[in-house]
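Take a look at the structure, then read on.

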Amino acid sequence: MREFLIKNGYHFFSQTDTEVIPNLIHYYYTKETLEDNKFLRAVQAAVHDLKGSYAIEVISSLCPDKMVVVRKDSPLVIGKGSNENFIASDIPAILSYTKDFYLLDDYEYAVITKEQVQFFDSTLKEHQKSTKNIEWDATAAEKNGYADYMLKEIHEQPTAILETIGSRLKLEEKTHFEDLTITSAYLQTLSKICIVACGTAMHAGLVGKDAIEKLCQIPVEVNIASEFRYCNPIIGEKTLCIYISQSGETADTLAALKLAKEKGAKTLAISNVVGSSITREADYTIYTHAGPEIAVASTKAYTSQVILLNILAIYFAELLGSYDSAKLEELKADILSLPSKIENVLHEKTQIEEIAKKIYTEHDMYFIGRGTDYHVAMEGSLKLKEISYIHSEAYAAGELKHGTIALIENGITVVGVLTNPVLTPKTISNLQEVVSRGAKTLIVTNQNLRNTNFDFTISIPKVNNLVSPILSVIPLQLLAYYISKNKGLDVDKPRNLAKSVTVE
Ligand code: F6R
């Protein structure tokens, strides 16, 4: 396209793809003979030539009072104001101006002026569209006295979880989801469930797998979306694919969802953003309702996803009658006790702040655990590396001696997560191996550990193992936060990362 435009007299000043677009629009604009809607028709002609994903806003001195927007697989929202309208890539960006949003479909065009927004399909046939009211409070997207969004969002976890639970889960009542029409007959046809997501959302999926497999006896695979979309997965009518995405806009997750639909699998989206792309593509959607998450490092979205997956597992188990109902009631009681238990963990933050002061200069850290604790270790390790830039890895504790233990020496900190009474003695013996090789040890546990020689121990309340990640992850989030602060880094906007990964 660049070559074509250069041959036609256009000059380029950068290497970005984006620069092609205005030149191409200008090219078509000068070719248009009809005056009516010339600007829009030139944009449409240019968009017709584009491949890939994009969200485009076109403004021009030739039509100073209007802008044209169009998207394909990338987020773009239009905020409706009074005598003013807005566009943004994300709802929180304009939440202080309006709560009424138009959500644009792929290849749908909007022509926006101060007074109105007109919509056109890909053939430029005009149509009407109604707004969606977003209930988020504008102050929810502010720091409210906290030093950083991440710290605020860590502290919002008790209320975020309450919102996620909502009226879905109550003691001695059947769990229910509004708008989820999955039946017991359908669940009985399933040969497996695939959970697909990226990063932290994928880590939440790993915890969800434990819950669904235990309560429903349906095999669950957890897949990284960028792998799933290219591995020709064995899925079809007998597979339910669950997609987890805070933003609902992650390019790989969205592409993996479209693939499952093509292969005939039913799709269920778990997202925090109402009307986001994955929710519009999926057969079913359930929302985490955690409120806007601004910090790049995900905290409250993770815990809300873990809770929602547990509630979903209980809902499926009740439909299938696959788990002892008294034990399900105990699990429900544990889930309902979580908000106050999270408050208790948050009260211990000064202890974690002090530990961070002692270890923030380190270069390597390892996180270990077994079972669900291993999945939390993965999340703790990701949190640390993304905001503190300390090299860190998570291992299933039993794997350490199959290679990685060669790296353990003086000056390295190993974080152990110990919440499962059956697996705790095993992980303790792995930790003793690293202690004897000179590593410092930091333990997050809900067990009474006697006669141990660990350097730091953070105690958390006891709770059912399926939801223990909600409590054990919080000290790890705070540890990453305080280490990053000690290093003087920008906690909310770590280098090289974006909140929504809308490219593959
Ligand atoms: C890490 C983090 C990322 C996201 C991942 C998926 O703290 O936030 O790993 O979890 O990019 O994002 P969503 O959930 O928006 O699909």
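Q: How many cavities of 30 Å³ or more are there?
A: This is a predicted model. A set of grid points counts as a cavity where a 1.4 Å probe fits but cannot get out. With the cut-off at 30 Å³ or more, the count is two.

Q: What is the volume of the largest cavity?
A: Its lining has 17 residues, and Pro-75, Val-77, Ser-89, Glu-249 and Val-273 are the closest to its centre. By class, the lining has seven nonpolar, six polar and four charged residues. The volume of the largest cavity is about 110 Å³.

Q: What is the volume of the second largest cavity?
A: Residues that line this cavity include Trp-136, Gln-246, Ser-247 and Lys-499. The lining divides into four nonpolar, three polar and three charged residues. The volume of the second largest cavity is about 70 Å³.

Q: Which helix gives the most residues to the shell around the ligand?
A: The shell has 14 residues. With three residues, the top contributor is α7.

Q: How much of the ligand's exposed area does the protein bury?
A: The ligand sits in the second largest pocket. An oxygen atom of the ligand is 2.6 Å from a side-chain N or O atom of Ser-247. For Lys-383, a polar side-chain atom lies 2.9 Å from a ligand oxygen. Alone, the ligand exposes 410 Å², and the protein buries 88%.

How values were computed: Residues are numbered from 1 along each chain as its sequence is written. This is a predicted model: local features need pLDDT of at least 70, side-chain atom pairs count only at pLDDT 80 or more; totals for chains, interfaces and linings use all residues. Side-chain values use heavy atoms; hydrogens and water are left out. A residue is near a molecule or strand if one of its heavy atoms lies within 4 Å of it. A polar contact is a pair of N or O atoms within 3.5 Å; within protein, one must be able to donate a hydrogen and the other to accept it, and residues adjacent in sequence count only if both atoms are side-chain atoms. Accessible areas come from the Shrake-Rupley method with a 1.4 Å probe; for residues, only the protein chains shown count as cover. On a 1 Å grid over the protein atoms alone, a cavity is a set of points where a 1.4 Å probe fits but cannot get out, and a pocket is an open set with protein on both sides within 12 Å along at least five of seven lines; lining residues have an atom within 4 Å of a point. A molecule sits in a cavity or pocket if more than half of its atoms lie within 2 Å of its grid points. Helices (H or I, at least four residues) and strands (E, at least two) are DSSP runs, numbered from the N terminus. Grid points are joined across faces, edges and corners, and a volume is the space filled by probe spheres set on the points. Ala, Val, Leu, Ile, Met, Phe, Trp, Tyr, Cys and Pro count as nonpolar, Asp, Glu, Lys and Arg as charged, and the others, Gly among them, as polar.
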